[in-house]
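Q: I'm new to this one and would like to walk through it slowly. Could you show it to me first?

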Amino acid sequence: MSTFHLIDHPLIQHKLTIMRQKNTHSNDFRMLLNEISMLMGYEVTRDLPLRQIEIETPIKKTKMSTIAGKKLAIVPILRAGLGMVDGLLNLVPVARVGHIGMYRDPDTHLPVEYYCKLPADVSNRLVILVDPMLATGGSASDALTLLKQKGCRNIRFMCLVAAPEGVAKVQADHPDVDIFCAALDECLNEHAYIVPGLGDAGDRIFGTK
Ligand code: PRP
Ligand code: URA
């Protein structure tokens, strides 16, 4: 069974509370999502392997730690996942970025894939799949299946707000994928929106409603 990591640092909770409020402007919403993504990235990358290299300080030669060349790929699920990319790139500027395009059918709430472009060597990379919302879990689960079809074996999923239904689906479909999340909310409503949630993340990021 995969591990569900709740990253509820006070700074993250504070910023997320502002994001949830319906009168928060897109500009602030985007900025806060970017900041939270960076803070979460600190935990998502906590166990990256290190290796010792020889360096010379102004005082003496010594051995110190550096990241052991673990290659990363950040893969947002379009559109809303785009809002989490820059925060992670601030931490790992050399990471490659892939894109998976999916939208939820408004009637069935099932995901429809419309785009996929991944780094050529994605199967050799640690992949961090990002999407702010884990609602029914359909989008995340299908995106994870797609990544596995492309050969990815080392994948983590990072989201902002999750519903218990979505966590259960991803854990059932992908027991090898750890989930990192800032808040576990109550449930889904009749439109499969997270309650209390923050509304439609894509619309709030891009001001499309
Ligand atoms: C939202 C969200 C997730 C998905 C979550 O995207 O960003 O991708 O819904 O719902 P699920 O867990 O029930 O699949 P949406 O389909 O609204 O597309 P958008 O990001 O382009 O607005
Ligand atoms: N997608 C969103 O953007 N928000 C939800 O609450 C559910 C799905």
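A: Before we start, one term: two residues are in contact when they have heavy atoms within 4.5 Å. Please also keep in mind that this is a predicted model.

Q: Okay, then which residues is Asp131 in contact with, leaving aside its neighbours within four places in sequence?
A: With those neighbours set aside, Asp131 is in contact with Ile77, Ala80, Gly81, Met84, Phe157, Met158, Cys159 and Leu160. Asp131 itself belongs to the loop between strand S8 (126–130) and strand S9 (133–134).

Q: How many salt bridges turn up in the whole structure, then?
A: A search of the whole structure gives 10 salt bridges. As background, side chains of opposite charge can pair when their charged atoms come close.

Q: Start me off with Asp185: which side chain does it meet in a salt bridge?
A: Asp185 meets the side chain of Arg20, with a distance of 2.8 Å from N to O. This pair links distant parts of the chain, with Asp185 in the loop between S11 and strand S12 (187–188) and Arg20 in helix H1, 165 residues apart.

Q: Are those two buried or exposed?
A: Asp185 counts as buried because its relative accessibility is 10%, whereas Arg20, with a relative accessible area of 24%, is partly exposed.

Q: What does Arg79 form a salt bridge with?
A: Arg79 pairs with Asp203, and the closest N and O atoms of the two are 3.2 Å apart.

Q: Which residues have a positive phi without being glycine?
A: His109 is one of them, with phi near 65°, and Ala192 is another, with a positive phi of about 65°. His109 sits in the loop between strand S6 (99–104) and strand S7 (111–117), and Ala192 is in the loop between S12 and S13. His109 is buried, with a relative accessible area of 18%, and Ala192 is buried as well, with a relative accessible area of 5%.

Q: Back to charges for a moment: which residues are linked in a network of salt bridges?
A: Lys71, Asp121 and Arg125 are linked in such a network. Within it, the closest N and O atoms of Arg125 and Asp121 are 2.9 Å apart. Arg125 counts as buried because its relative accessibility is 6%, whereas Lys71 is partly exposed at 38%.

Q: Where is Lys71, and what does it touch?
A: Lys71 is found in the loop between strand S3 (61–67) and S4. Not counting residues up to four places away in sequence, Lys71 touches Asp121, Arg125 and Leu126.

Q: New topic: how far apart are the end C-alpha atoms of helix H2?
A: They are 26 Å apart, which agrees with the 27 Å that the 19 residues of helix H2 (residues 26–44) should span at 1.5 Å a residue. Several residues of H2 are buried, including Phe29, Leu32, Leu33, Ile36 and Met40.

Q: What do the buried residues of H2 pack against?
A: They pack against helix H1 (10–20), H3, S8, strand S10 (155–162), strand S11 (178–184) and helix H6 (201–206).

Q: Last one: which residues make a nonpolar surface patch?
A: Met38, Tyr42 and Leu91 make a patch of about 290 Å². Leu91 is found in helix H3 (residues 85–91), and Leu91 counts as partly exposed because its relative accessibility is 37%.

Terms used:
Residues numbered from 1 in each chain as written. Chains lettered and ligands numbered in written order. Predicted model: local features only at pLDDT ≥ 70, side-chain atom pairs only at ≥ 80, totals over all residues. Heavy atoms only, no water. Patch = residues over 30% accessible without salt bridge, like charges linked within 9 Å, V, L, I, M, F, W, Y side chains within 5 Å. Areas by Shrake-Rupley, 256 points an atom, 1.4 Å probe, with all protein chains shown as cover. Salt bridge = Lys/Arg side-chain N within 4 Å of Asp/Glu carboxyl O. Helix = DSSP H or I, 4+ residues; strand = E, 2+ residues; numbered from the N terminus. Buried < 20%, exposed > 50% of the residue type's maximum accessible area, 1.4 Å probe, protein only. Expected span 1.5 Å × (residues − 1).
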